[in-house]
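Please look through the structure shown below before reading on.

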Amino acid sequence: MRRSVITGTGSYLPERILTNEELATFVDTSDEWIRTRTGIRQRHVAAENELTSDLAAHAAEKALESAELAPGDVDAVLVATTTPDYTFPATACVVQEKLGVPAGAMAFDLQAVCSGFIYGLTVADSLIRSGQVRRVLLIGAETLTRLLDWQDRTTCVLFGDGAGAVVLEAGEGEGTVADRGVLHTVSRADGRYRELLHTDGGPSSTGTVGHIRMQGREVFRHAVTNIADAMREVMQAAGVSARDIDLFVPHQANVRILDATARKLGIPPEKVMLTIAEHGNTSAASIPLALDAAVKQGRAKPGDLLLLEAMGGGFTWGAALLRL
Ligand code: ACO
């Protein structure tokens, strides 16, 4: 049975760090409020001349290096992002050119907000398993701080910039949970709730990019239920239980959401990968950033069973189970 195996990971964070203390000098907030409500201590902010495609290309180069592949080996470039360089062309095409992925490769962006990486895994896995491509560069990249209203303390303290990437390659498995590769994914949406987390602009509506608007409490309430359901669904489909999970690598939205979800599923704190304190919420970039950190720290090793989840604007949400 054909499987999509992660053979390389990489990440990139912009140099500039914005701490809670610095934020509190120009927004009515405090380090204490942000830390206790969200778990965030700092976030990275892209330089003025740094675009999402720059962050994406840096992360992708590192992922290719760790997979011991060259740009010429890539069949498809997928960029999950809510903050593309341009309305069009796709950021993936810019990244293709920056990396030197040859003409003729597939390249497109994927918009599922914070769930973009899970949606991307679903799509990449389908492309590989259907035999259309053999090697996919899947990138989550965001310059989310560009969508922030710095006067709105209920949102501007939460988000940061960054990029993470994985290389997925076709491999052969037995069709069991012992196989390396993506074992099961679910990607879901419910557009009835789109007003709870949205931007108040867009190319077709206002001709502007808009700012992030969120009803935090409502998002929180839906997040825990939806994420837990998706996680249960992928585990059930693969016939594994929470005890079998070696590492839980969630979208880094809010430490309280992650604690509540892990507790609900019976995943112990030592098996939860947390990067939110240093990165903030980097939307589609947060899972591959956390995954790369886990690999570098030796917390995720080849053969480990990983559970991923995300929830974001739309609403969109999903989960993925994979063996590294
Ligand atoms: N600093 C200081 N005070 C603040 C701030 C701030 N940055 N933001 C809000 N407050 C105040 C509010 O004005 C309010 O004051 P009031 O009681 O005088 O009116 C008080 O704090 C409580 O506000 P709430 O919004 O009720 O605070 P809550 O405890 O719900 O925490 C938070 C807000 C952190 C956003 C929470 O609702 C949450 O985590 N929601 C989930 C949303 C999320 O994670 N979104 C990320 C994107 S979606 C995703 O990735 C899943």
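In this predicted model, the largest nonpolar core holds 46 residues, and among these Met231, Ile267, Leu307 and Leu321 are the ones that touch the most other members. Domain 1 (2-172) and domain 2 (181-323) both contribute residues to this core, and it therefore lies between them.

**Residues around the ligand**

- There are 23 residues around the ligand, and of these Thr29, Arg153, Arg217, His251 and Asn254 come nearest.
- When this shell is sorted by class, it has 11 nonpolar residues, seven polar residues and five charged residues.
- Each of the two domains, domain 1 (2-172) and domain 2 (181-323), gives at least three residues to the shell around the ligand.

**Polar atoms facing the ligand**

- The side chain of Arg217 has an N or O atom that is 2.9 Å from an oxygen atom of the ligand.
- A polar atom in the side chain of His251 lies 2.8 Å from an oxygen atom of the ligand.
- In Gly216 it is a backbone N or O atom, rather than one from a side chain, that lies 2.9 Å from a nitrogen atom of the ligand.
- Taken on its own, the ligand has 1,000 Å² of accessible area, and the protein covers 76% of that area.

**Elements that build the shell**

- Two or more residues of the shell around the ligand come from each of the helices α2 (31-38), α6 (153-156), α7 (216-238) and α8 (255-265).

- Ser53 is found in helix α3, which runs over residues 52-67.
- Is Ser53 buried or exposed? Its relative accessibility is 0%, and because a residue counts as buried when this value is under 20%, Ser53 is classed as buried.
- The side chain of Ser53 is joined to the side chain of Asp85 by a polar contact of 2.5 Å.

Technical notes: Residues numbered from 1 in each chain as written. Predicted model: local features only at pLDDT ≥ 70, side-chain atom pairs only at ≥ 80, totals over all residues. Heavy atoms only, no water. Near = heavy atom within 4 Å. Polar contact = N/O pair within 3.5 Å; in protein donor to acceptor, adjacent residues only side chain to side chain. Areas by Shrake-Rupley, 256 points an atom, 1.4 Å probe, with all protein chains shown as cover. Helix = DSSP H or I, 4+ residues; strand = E, 2+ residues; numbered from the N terminus. Nonpolar A, V, L, I, M, F, W, Y, C, P; charged D, E, K, R; others polar. Domains from an automatic or database assignment. Core = buried A, V, L, I, M, F, W, Y, C linked by side-chain atoms within 4.5 Å. Buried < 20%, exposed > 50% of the residue type's maximum accessible area, 1.4 Å probe, protein only.
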